[in-house]
Amino acid sequence: QVQLVESGGGSVQAGGSLSVSCAASGYIYSTTYCMAWFRQAPGKQREGVAAISRGGGTTAYGDSVKGRFTVSRDNGKNILYLQMNSLGPEDTAMYFCAARVCFTTQAPLNPNEYKYWGQGIQVTVSS
């Protein structure tokens, strides 16, 4: 059973930076899983933030975070990262990491395609 645990996050003022991490366990081979970050604000649908292919060579970003957020992964440590810069109040949400088995270099941003999910971690940006 794959388990995902997010850490980091917290509160920051607008214009600041934060990073979140996701530690994965239960993998047989981490390089068979693509991973992604999603977020959900109260009253809103879950939104794709960033995704990364199983080898890390392909990334995808939601339009609202392009140029500000960077996704990366360390397959040796089974950790997924999200570096968030130039944060604004609109980035306030619960952030979730997710994983699924992938057989290509794609990095999907559709939450319906992911099987494994973390519990989420809060990111709050004040103006």
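User: What makes the disulfide of C22 and C97 right-handed?

Analyst: This is a predicted model, so every value here is computed from its coordinates. The torsion about the S-S bond of C22 and C97 is about 45 degrees, so the disulfide is right-handed.

User: Why is the pair C22 and C97 called a disulfide?

Analyst: The cut-off is a sulfur-sulfur distance within 2.5 Å. For C22 and C97 the S to S distance is 2.0 Å. That value is within the cut-off, so the pair counts as a disulfide. C22 lies in strand 3 (residues 18-25) and C97 in strand 9 (residues 93-101), so the bond ties together parts that are 75 residues apart in sequence.

User: How many disulfides does a search of the whole structure find?

Analyst: The search finds two. C34 and C102 form a disulfide, with sulfur atoms 1.9 Å apart. C34 lies in strand 4 (residues 33-40) and C102 in the loop between strand 9 and strand 10 (116-117), so this pair ties together parts that are 68 residues apart in sequence. With the bonded cysteines numbered in sequence order, the pairing is 1-3, 2-4.

User: How do you know whether C34 and C102 are buried or exposed?

Analyst: C34 has a relative accessible area of 0%, so C34 is buried. C102 is at 3% relative accessibility, so C102 counts as buried.

User: What about P89, and which class does its relative accessible area give?

Analyst: P89 has a relative accessible area of 39%, so P89 is partly exposed. P89 is found in the loop between strand 8 and strand 9. Leaving aside neighbours within four places in sequence, P89 is in contact with A14, V125 and S127. P89 and G15 are 74 residues apart in sequence and 9.3 Å apart in space, C-alpha to C-alpha.

User: Which residues in the largest nonpolar core touch the most other members?

Analyst: They are L4, W37, L82, M84 and Y95, out of 31 residues in that core. Elements giving two or more residues to this core include strand 3, strand 4, strand 8 and strand 9. Apart from it lies another core, of nine residues, among them C34, A60, A98 and A107.

User: What does L4 contact, leaving aside its neighbours within four places in sequence?

Analyst: The contacts of L4 include C22, C97, M35, Y116 and W117.

User: What is the lining of the largest pocket by class?

Analyst: The lining has two nonpolar, four polar and five charged residues. Among the lining residues are R39, K44, E47, E90 and D91. About 170 Å³ of space lies in this pocket.

Terms used. Residues are numbered from 1 along each chain as its sequence is written. This is a predicted model: local features need pLDDT of at least 70, side-chain atom pairs count only at pLDDT 80 or more; totals for chains, interfaces and linings use all residues. Side-chain values use heavy atoms; hydrogens and water are left out. Helices (H or I, at least four residues) and strands (E, at least two) are DSSP runs, numbered from the N terminus. Buried means under 20% relative accessible area, exposed over 50%, partly exposed in between (1.4 Å probe, protein chains only). On a 1 Å grid over the protein atoms alone, a cavity is a set of points where a 1.4 Å probe fits but cannot get out, and a pocket is an open set with protein on both sides within 12 Å along at least five of seven lines; lining residues have an atom within 4 Å of a point. Grid points are joined across faces, edges and corners, and a volume is the space filled by probe spheres set on the points. Ala, Val, Leu, Ile, Met, Phe, Trp, Tyr, Cys and Pro count as nonpolar, Asp, Glu, Lys and Arg as charged, and the others, Gly among them, as polar. A nonpolar core is a set of buried Ala, Val, Leu, Ile, Met, Phe, Trp, Tyr and Cys residues joined through side-chain atoms within 4.5 Å. Contact means heavy atoms within 4.5 Å.
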